[in-house]
Amino acid sequence: MEEVRGASAWTEELASLVEDTGIRYAGEPIGISSPAFSASESEVVEGDGVESESLKDQVTEFLKSWCEMVTELGRGCRDILQQTVVREDSFIVQKLRGPVAKVSGRLRFLNEYLPEDRDPVHAWPVIFFVSILALTALNLNGGNDSLVMPVKKVRIHPPSASHILLPDGRRMAYRELGVPANRARFSLISPHSFLSSRLAGIPGVKTSLLEEFGVRLVTFDLPGFGESDPHPSRNLNSSAFDMLYLADAVGVNDKFWVLGYSSGSMHTWAALRYIPDRIAGAALLAPMVSPYEPSMTKEEMKRTWEGWLPKRKLMYFLARRFPKLLSFSYHRSFLSGKHSRIDKWMPLSLGRKDEILIEDPAFEEFWHRDVEESIRQGSAKPFIEEAVLQVSNWGFSLADLQVQKKCHTRGILPWLMSIYRQAECKLTGFLGPIHMWQGMDDQVVPPAMTDYISRVLPSTIMHKLPNEGHFSYFFLCDECHRQIFSTLFGSPQGPLEQAVEMSETSLDRDTEAQASNIASAKE
């Protein structure tokens with residue numbers, strides 16, 4: 001009994017030291033021998049409350065340990081690279097330091113496009129990897145043809161152009177509409193715009209309208225477009241003289257008019273600058289100038305750029321800085337062998353009237369045929385050249401076309417001669433009329449561009465078109481074409497054939513009368 005009471009007192013004293021749970025041990029006295037364990041490790045020991053470690057916990061701990069080991073291994077490799085490869089005196093750093101510094105210096109201007117609080121060292125790697133992921137996603141999405149609507153394939157048609165041989169040996173393809181050369185009151189030569197061809201001219205103009213005004217319309221393919229041979233080093237000067245050679249070759253002996261639309265207007269500006277003595281006048285519809293023109297004011301520059309899509313801004317940037325990269329974009333769009341909407345192949349934002357027009361099946365048919373002729377040669381080079389011309393230095397300023405009076409008074413001898421007689425002066429610039437038409441809802445060539453042109457060329461005659469877009473006034477619009485011809489040429493007088501026939505008839509009558517008089521006199 002004393003042993004039992006001693007054991008009970010010991011357990012109570014131990015429980016009071018730990019925690020009084022209200023549970024008292026009433027079993028056999030605890031001996032010195034170790035307690036027996038169950039054979040199963042997964043069972044819970046009665047009265048203990050501790051669960052043994054499961055297989056899931058073991059796997060989790062193993063993975064944690066493995067990740068820690070990999071992390072430490074990566075840190076160790078990084079330390080090795082920093083201490084051996086990336087040191088200032090390492091072989092790799094010595095070899096790559098110069099080229100990397102050179103490339104970094106050339107690309108430093110790109111940092112201007114980053115926010116001020118962003119470190120370029122951290123920002124550009126993020127932008128690079130995000131771009132790679134985006135391109136990968138596009139390629140994966142583009143490979144699923146089952147989700148893509150069927151598209152019209154590009155067809156290459158048999159050659160249909162007339163050709164002339166230029167002085168440098170190139171062949172130029174051209175097309176004539178309207179009245180023949182010997183009957184034309186007015187000759188009109190029109191260079192085409194980007195992603196176009198000689199088939200465009202005045203889109204949808206009727207032959208009857210040309211005959212009514214006595215107009216001979218001559219269009220041609222720019223070098224590398226359509227059926228024209230490429231030019232090894234073309235510029236706007238060579239473009240102007242190509243027009244001059246074309247005029248001489250097709251029998252335009254007098255002055256001729258030039259018509260430029262959209263980006264094709266830069267070739268019209270070049271003709272006014274380099275061959276002004278052969279130009280009677282100019283018609284420009286939605287004329288485009290370089291968006292980087294340095295003589296633009298900040299307000300004009302802002303209004304020009306703000307309405308354009310980001311992709312179009314990127315195309316201009318690439319054309320100015322990295323033109324070779326444009327080939328990738330062109331081969332994925334209009335050189336891919338498939339047709340699409342005009343605002344997809346060329347990243348354009350369109351106004352309401354333009355959106356309605358491009359849904360017209362007649363416009364789609366005309367646009368597809370024009371594109372097929374434009375890309376006949378399948379090369380991206382002429383399109384890259386055209387894009388670069390749009391954003392580069394043209395070699396002249398539009399202000400040079402303004403009529404000015406210049407007198408030769410430089411030097412001592414001309415100055416002395418000017419004391420006794422008036423100095424020899426002459427007018428410079430383009431002396432003929434320049435008409436411009438601008439749609440006020442044009443989002444391709446914004447009105448800010450023509451505002452700039454009107455500022456530097458105040459003699460230009462401006463025709464503002466409310467609610468008209470970039471295409472709506474020029475494409476497939478009979479009334480619009482009549483208004484343009486009436487503005488340029490006045491009232492329609494028909495071809496010269498009537499006047500020639502009348503003069504020939506009167507001449508024949510006079511000849512017959514004279515012959516009869518001579519015969520009667522002899523009798």
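Helix 14, residues 381-391, is largely enclosed by the rest of the structure, because nine of its eleven residues are buried. The model is a predicted one. A search of the whole structure also turns up one disulfide, and this joins Cys 477 to Cys 480.

- The buried set in helix 14 takes in Pro 382, Phe 383, Ile 384, Glu 385, Glu 386 and Ala 387.
- Leu 389, Gln 390 and Val 391 of helix 14 are buried too.
- Buried here means under 20% relative accessible area.
- The buried residues of helix 14 pack against helix 6 (236-249) and helix 7 (265-274).
- They also pack against helix 9 (310-321), helix 10 (326-332) and helix 13 (361-374).

**The disulfide**

- A disulfide is a covalent bond between the sulfur atoms of two cysteines.
- The S to S distance between Cys 477 and Cys 480 is 2.1 Å.
- The link of Cys 477 and Cys 480 is right-handed, with 60° about the S-S bond.
- Cys 477 has 17% relative accessibility, so this residue counts as buried.
- Cys 480 has 8% relative accessibility, so this residue counts as buried as well.

- Partly exposed covers the range between the buried limit of under 20% and the exposed limit of over 50%.

How values were computed:
Residues numbered from 1 in each chain as written. Predicted model: local features only at pLDDT ≥ 70, side-chain atom pairs only at ≥ 80, totals over all residues. Heavy atoms only, no water. Disulfide = S-S within 2.5 Å. Buried < 20%, exposed > 50% of the residue type's maximum accessible area, 1.4 Å probe, protein only. Helix = DSSP H or I, 4+ residues; strand = E, 2+ residues; numbered from the N terminus. Contact = heavy atoms within 4.5 Å.
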